Amino acid sequence: MRRIFNKSLLFVVVLLSAYSCSKAPTVNMDTMLDIVDAYPDSVLYTLQNVSVNDLDDEDFAKYALSITWALDKSGNDVGNDSLLRHAYIYYNVHDKDKYHARCMYYMGKYYTLVDSIEQAEQCFNLSAESAEKQKDYKTESFSYEKLSRLMADHAPHKAEQYAVRAFDCYNKLDCRDSVNLVYLLLNAGYCSMQNNHRMQAKDKMQEALHLSTVINDSTLISSSYQDLSVLYNFCGQRDSCLCTIRKACDYQSQPNISCRQALVDALLSNNLIDEAEDELSKLNPTNDIGRYSKLYKQHILSIKKKDEAKAVLFADSAYLCLEKMYSKELDAKSEYYQNVIHETQKKADAQRLAKNRGLIILLEVIAIVFLLYVYNTHKRQTDLKLKNEEEKNRMRLAHEQELHKKETEYLNAIHEKEISNRDIQIGVMRDFLLKKISIAQKIEQIKETPECRKILQEDDWEELEVFLNSVDNMFVSRIKERFPLLTDKDVQLFMLLRLQIPTNRIASIYCISEKAVKQKLYLYKEKVGLEGEKTSLRAFVETF
């Protein structure tokens, strides 16, 4: 019996030696990270032959970071964290490592793509802090640039500071790329504009334009002019906006649909209806966002042409396009989470197999010698399999619950965004009317013989009706249907109340006193069935 055991042990040693010799040659992961910036395609090709099951935690983290870095340099979005997250977990613990900053940077880019703004901000801040300690000015600059874009809309003061830091950090590099300098200047100008520092924004954008002209890059020149047109539009300089966006289109080496759409916006702002319609007919968007933008501009164009039927048609088409776009995004997220589950299961199975491979070989050899252990071994493996299946089912159920929660949150966010868009458009229309009333009052004040004239003409009332029907869930049509005895004049007053026009401004529109307006509002309560109730007519109309 002892001789049999010794022979079996020798057999096991031979098998394990053969197994060790059969491993694939290893790749130096540090070398891959050193050359990935210059040769991303070569890194991707080399890493295809690496057996990830043979890598330890550190090399696997470097492998995951190399793949992500190479894909990003090749022009692909970091939209899948199934591989990058392994590096993120490792470098979270080893935050002194020189690759910690770059890993946090790419994790921030991933969170940005999946709309996890707070987590993205946290990752970019960690990346910038770590890069500063390592004197990695390139990664530090890129992290601050991404932070400035994140903050531009809701924290413009911080965004401007981050944009300036990004430019300053990049300027510390010995080998600076002029193209990156231009884009960093344009980003800094945009953030200054968002912070209402208009002169600083103009100086930065003109500096970017000058640098683009020096290096004679038509694409950069076009981008600079396009950003300047955004600034002029922000400042209300419609002529300058139109002039610069025309130049942006002229400098395009190949058609750019976003630039052409900006040109259409500028033409509409300057009421160049025919030219805007001609430019719109040339737009052939290839994605859902582009198609939605074109339909919305056609809707605005129809309103300006006072074509109510087309305005409503284009508004409905734009809404359907938006709904389709959101549905596709939701489907993509669902597919992504399913893939994450699948990849996690594959990884768990591969790791379990790698850890137990030597033990499995040993058990198989021992089973040949000791046949009596076969039954117990089989039973143990069966129990382990059942336990794993139960764990997988538990994980799948937990994931499905989490997915349902995210879908619900996503749909709620879409609803809130639609309400916000409606309020913004109504607010813009209200501001427009108030400005028009103020201008009319000032004109009357400077006249030698002031007289009260109608501020809103019949065409204005028709445009308001089209606007409220298309933006505010067919408000005018619903009012007319609910209260068919209301006259056109009555409905016009209700439209002003819906837009939350103050009483004194309503008095100016009708050329009557505020007291007369208040009496009129009181009398109208009877027409809508509010007689004797505490609710005011204005409150009723605003919440109708």
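View 1. The model is predicted: local features need pLDDT of at least 70 and side-chain atom pairs count only at pLDDT 80 or more, while totals for chains, interfaces and linings use all residues. Residues are numbered from 1 along each chain as its sequence is written, and side-chain values use heavy atoms, with hydrogens and water left out. The protein has 24 helices and 0 strands; helices (H or I, at least four residues) and strands (E, at least two) are DSSP runs, numbered from the N terminus. Of the 544 residues, 38% are buried, where buried means under 20% relative accessible area, exposed over 50%, and partly exposed in between (1.4 Å probe, protein chains only).

**View 2. Helix 7 (residues 117-134) and helix 8 (residues 137-151) cross at roughly 155 degrees.** Their axes come within 8 Å; axes are lines fitted to C-alpha atoms, for helices over the stretch in contact, and angles run from 0 to 180 degrees between N-to-C directions. The angle makes helix 7 roughly antiparallel to helix 8 (under 35 degrees is roughly parallel, over 145 roughly antiparallel, 65 to 115 roughly perpendicular, the rest oblique). The crossing is left-handed, that is, the near helix is turned anticlockwise from the far one by less than a right angle; clockwise would be right-handed. Ala, Val, Leu, Ile, Met, Phe, Trp, Tyr, Cys and Pro count as nonpolar, Asp, Glu, Lys and Arg as charged, and the others, Gly among them, as polar.

**View 3. Helix 12 (residues 218-234) and helix 14 (residues 257-269) cross at roughly 30 degrees.** The two axes come within 11 Å, and the angle makes helix 12 roughly parallel to helix 14. This crossing is left-handed. Ser222, Gln226 and Asn233 in helix 12 meet Ser258, Cys259, Ala262 and Ser269 in helix 14. The classes here are 2 nonpolar, 5 polar and no charged residues.

**View 4. Asn473 lies in the loop between helix 19 (458-471) and helix 20 (475-482).** Asn473 is exposed, with a relative accessible area of 56%. Not counting residues up to four places away in sequence, Asn473 touches Leu468 and Arg478. The C-alpha atoms of Asn473 and Arg422 are separated by 9.3 Å, and these residues are 51 residues apart along the chain.

Notes:
Contact = heavy atoms within 4.5 Å.
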